[in-house]
Structure formats: C-alpha cells, structure tokens
Amino acid sequence: MRALIPFAALLLLSACGQEKSAVPTATASLPLVKPVAETAPGLPDSVQTGDADDPSFWLHPTDPAKSLVITAVKGSGLRVYDLQGKLVQRIDAQPDGRYNNVDVAYGLRRADGSTIDIAVASDRGRDRLVVWAIDPANPTAPLTDISDPNQGPVFPTRLSQDGKSEIDNPVSDQVSAYGLTLWQDRATGEVRAVVAQRKAARLAEQRLVVKQDGTVGHERVRHWDFPTSHKGQDLWAEHDTDPEQDWSPQFEGLVVDAEAGILFAGQEDVGLWRVNLTTGKADDKPFYETRGSVKSPFNNPDSKVARDVEGLALYRGADGTGYLIASSQGDAHGDGGHSDNGGLDDSFAIFERGGQNLYLGSFKLTANGTIDAGQECDGAELVSIPLPGYPNGLLMVQDGYNDDLNGMTGNPSATNFKYVSWADVMAALPGTLTVPAGGWSPR
C-alpha cells in the first residue's frame, strides 16, 4: 500500500480538455471513507467462480428496510442482497449467459394496464437483455424471469473499424451488450435501456416491449457512435505487455439524469460524455477527460480520473441538485499493472450534477475492522433517500479485489460489494458536499 499524507485542499478543475505537459503531476493523498457493510466474499453457494461486477438498488414500496441490492456477477448470474449484505436470492445465468450490468425501473406497464417494478441485466454472453419482475410480497425469491425468449440480439450489427460500413455481428465475437442503464421517458411512460457495445464506441437505446403473454423484449430506438481516436491517439491500438500503450474505444459506466434528460456515459480510456436525450445529440467532446497516458499524445495529468473510468452513479436531490460520481479505477493491480503517479487508482471522483458538471473532489475507501477497502471498482450505485443505517443515503460499489489482494497472493477471483454511508463521504469532504434540499424518490 502507498503511504498516505494529509489531504490537501480540493481544486475545481474546468480545463481538463486543454493540452497538458508530458510529465504527470503528483496529487495529495485523498480523504478516506470506511465501508460499513459488505456482501459475502465470493459465491460460496455456487459451483462456478463468480465475478462481481455491477450493483443496483430497488426501493421497497412500503418498507425501506426491505429494500434490495441487486447485483450482476457475470457468468454466475445475479445475486440479490438485503441492506446488511445478506444473500436473499441466487439466480444462476442461463447457459452461455454472462450478466454484465444490471439496473432497476419502476412502474413498467403491462398489457392489462397494471404496473410492475423490474430489474434488467445486459447479457454479454448471449447479446440479450434479461428482465425480471420484482415482487415486494416475496421476501425469499422476489425476482422472477419474464424475458422474451424470442428476442433478437441487442447488437445484430457493428460498425467496421474504419467507420465506413455496418457489418454483421455474430454473438461468438462477443461485441455484445455490455454496460447498461435504464430510464423512463416521461412523455411516453416507456422504459428504455441504454446499452454499451463491448469493444466498440457505440451506445444503443432499446425500448422495452411488453408482449401479450407478459414477457418483455426490446427494440432499437436509436444509437450513437463516438470517436475511436482522441487527440491523436488511436483507440483501437493494442499492446500485449505495456498498459500505457493499450487502448480501447468501449464504454461501460452509464447513468441517466431523467429530470434533466441527460445521459452520462463513461468511455473507459477517454472520459465522461453527455448525451441530450431530448434532442438526441451527444456533445462534441468529453466534458471531463481521464489522465490518459504519458506514452500517448493524449496526456492530461491535471485530471483526477485514472483510466479506466468505470461505474457512474447519481446522488439526486430536488430541482436538479446533487452529484455525479465516477470510479477512477486505474490499473495498478494484477499482472502488468501500473500505478497512477497521482495516486488516483481505486478512487471515486465527485462532480456537480448540474451546470458544467465541475469536479468537486475525490475519496478512497479504507478498511473498517474486518471489512476491507476496495480496488478497481467496476460498478457503483448511489441512492439519496434515507434508509435504515444510512441517514443520508447509500453508496454501493463493486470491490475487484476483496481482502485487498494487491499482491495477488490470495484468490484473485474474490470479489464482492461494499456498502458505504453517504453521510461518511460527506464527513470526509467537509464543506464540499451538502444534502441537497428537498426529497427525492425513485418511485
């Protein structure tokens, strides 16, 4: 572990898109926050090796204490936990399935006019969307699969690397459904999924379609293609041994600010983008860049996000107040890993929710007794409603190396989810974060 020095004053950065010097600048150590709970490490009930990836949150309609944390664990399917991290339900993946990201929506309208809450996962292995109904009256098995068995692939085609043609996209290539977020169109009441295409720079918006038999499929509404080069760096360039020269154009972290009609999207190696869902127009460039690489024409040492940028989440208050957080995952662990010179690996960056989405500050997790810290967070979820044990809301993050396996001396597949009280994040950044005025509920 790197030595920690006192936290320096936070800076508001608004010039991350400008050219920077070739030498990374060091940053003071970040404030530390202790998780208060975690899910059971690994998957002791599974015959497969699970790989935790992405959490989501479902608010119980009458009793917040019965709310659920619904998580994707890739080839092992889905796991559902209570607010203390206790396993509630295990759902194994379908053959060849690999559930990458998961999100929750409220009030999907069925053919008979009734509504249900749903969880939806991107199935990277089969290039599908898997949909579950959530039953508040079933405390031991609240999720039931209602996916349309006859649905088509999310990405039947892909853009060629030269950007000149649309080509067939066989599922075996695994250029498939990857990152995912849900949102509800207030004008139509439709629930839509925005899905990132693995190994590509494409985001697709899929309308969820309820069939007469009650199953749920999807159909394409629109898609966006983003640049596959940035400031002279070819994002298709790969390198087998040097991470500084290894690149990808893909997105994963996604979240929609439905009140503002804005999609926030993280292009892992490049930075954070905005898409206006009302006009359908994406910004011409990311509003915040990652630090990039000193071995590339893209080098931005003043950025507070070490690539990969991963899980995105919103802390929502009334009237558009609140915060956007992003996982500054970095690449300090595992074979061939390299540490960020600014100490920003395994941290979380906080931005204003509105306006220009200015950077406000960052923090890291640290151990709390038998609960370890967190590394290389793939996915995050953040809710601003008061919950039992979480007076100002709950932050849930994936831990890529449970038990802090920085030296890779234990089981590197031990992954889980950490629960963080947002009140503790606020206390770690005094004067920077406030509780947004007014209440908010996902319902």
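"Buried" here means under 20% relative accessible area, "exposed" means over 50%, and "partly exposed" is anything in between, using a 1.4 Å probe and protein chains only. This is a predicted model, where local features need pLDDT of at least 70, side-chain atom pairs count only at pLDDT 80 or more, and totals for chains, interfaces and linings use all residues. Residues are numbered from 1 along each chain as its sequence is written, and side-chain values use heavy atoms, with hydrogens and water left out.

**View 1. The whole chain, before zooming in.**
The chain has one helix and 30 strands; helices (H or I, at least four residues) and strands (E, at least two) are DSSP runs, numbered from the N terminus. Of its 443 residues, 57% are buried. Take the contacts (heavy atoms within 4.5 Å) between residues at least 6 apart in sequence: 56% of them join residues at least 24 apart.

**View 2. Phe287 meets Phe351.**
Rings of Phe, Tyr and Trp (its six-membered ring) pair if their centres lie within 6.5 Å; planes under 30 degrees apart are stacked, over 60 edge-to-face, and the rest tilted. The structure holds 12 such aromatic pairs. In this one, the centres of Phe287 and Phe351 are 6.4 Å apart and the planes sit at 85°, so it counts as edge-to-face. The two partners are 64 residues apart, with Phe287 in the loop between strand S22 (281-282) and strand S23 (288-289), and Phe351 in strand S26 (residues 347-352). Is Phe287 buried or exposed? With a relative accessible area of 17%, Phe287 is buried, and Phe351 is buried too, at 0%.

**View 3. A tilted tyrosine pair.**
Tyr315 and Tyr323 pair up with 6.3 Å from centre to centre and 40° between the planes, which makes them tilted. Tyr315 is buried at 1% relative accessible area, and Tyr323 is buried at 7%.

**View 4. An arginine over a tryptophan.**
Here Arg307 lies over the face of Trp247, 3.9 Å from the ring centre. To count, NZ of Lys or CZ of Arg has to be within 6 Å of the ring centre and within 35 degrees of the ring normal.

**View 5**
Strand S3 (residues 54-58) is mostly covered, with five of its five residues buried. Side chains in a regular strand alternate between the two faces of the sheet. In S3, Asp54, Ser56 and Trp58 point one way while Pro55 and Phe57 point the other way, and all are buried. Strands pair if DSSP finds at least two bridges between them; S3 has five bridges to strand S4 (residues 68-72), and the two run antiparallel.

**View 6. Val383 and its neighbours.**
Val383 lies in strand S28 (residues 380-383) and counts as buried, at 6% relative accessibility. Which residues does Val383 contact, leaving aside its neighbours within four places in sequence? They are Phe57, Tyr315, Asn392, Gly393 and Leu394. Arg316 is 67 residues away along the chain, yet its C-alpha atom is separated from that of Val383 by 7.3 Å.

**View 7. A four-strand sheet.**
This open sheet runs in the order S7-S8-S9-S10, with antiparallel pairing. Strand S7 (99-109) and strand S10 (143-145) are the edges, each pairing on one side only. From one strand to the next the twist averages 30°, with axes taken as lines fitted to C-alpha atoms (for helices over the stretch in contact) and angles running from 0 to 180 degrees between N-to-C directions. Seven bridges join strand S8 (residues 115-123) to strand S9 (residues 128-134), and Val120 has Val131 in S9 as its bridge partner.

**View 8. Two nonpolar cores.**
A nonpolar core is a set of buried Ala, Val, Leu, Ile, Met, Phe, Trp, Tyr and Cys residues joined through side-chain atoms within 4.5 Å. The largest has 31 residues, and Ile70, Leu78, Trp132, Leu143 and Leu387 have the most contacts inside it. S3, S4, strand S5 (78-81), S7, S8, S9 and strand S29 (394-399) each supply at least two of its residues. Apart from this core lies another, of 23 residues, including Ala313, Phe363, Val420 and Leu429.

**View 9. Gly439, after the helix.**
Gly439 is found in the segment after helix H1 (422-428) and is exposed, with a relative accessible area of 66%. Its C-alpha is 9.5 Å from that of Pro386, 53 residues apart in sequence.
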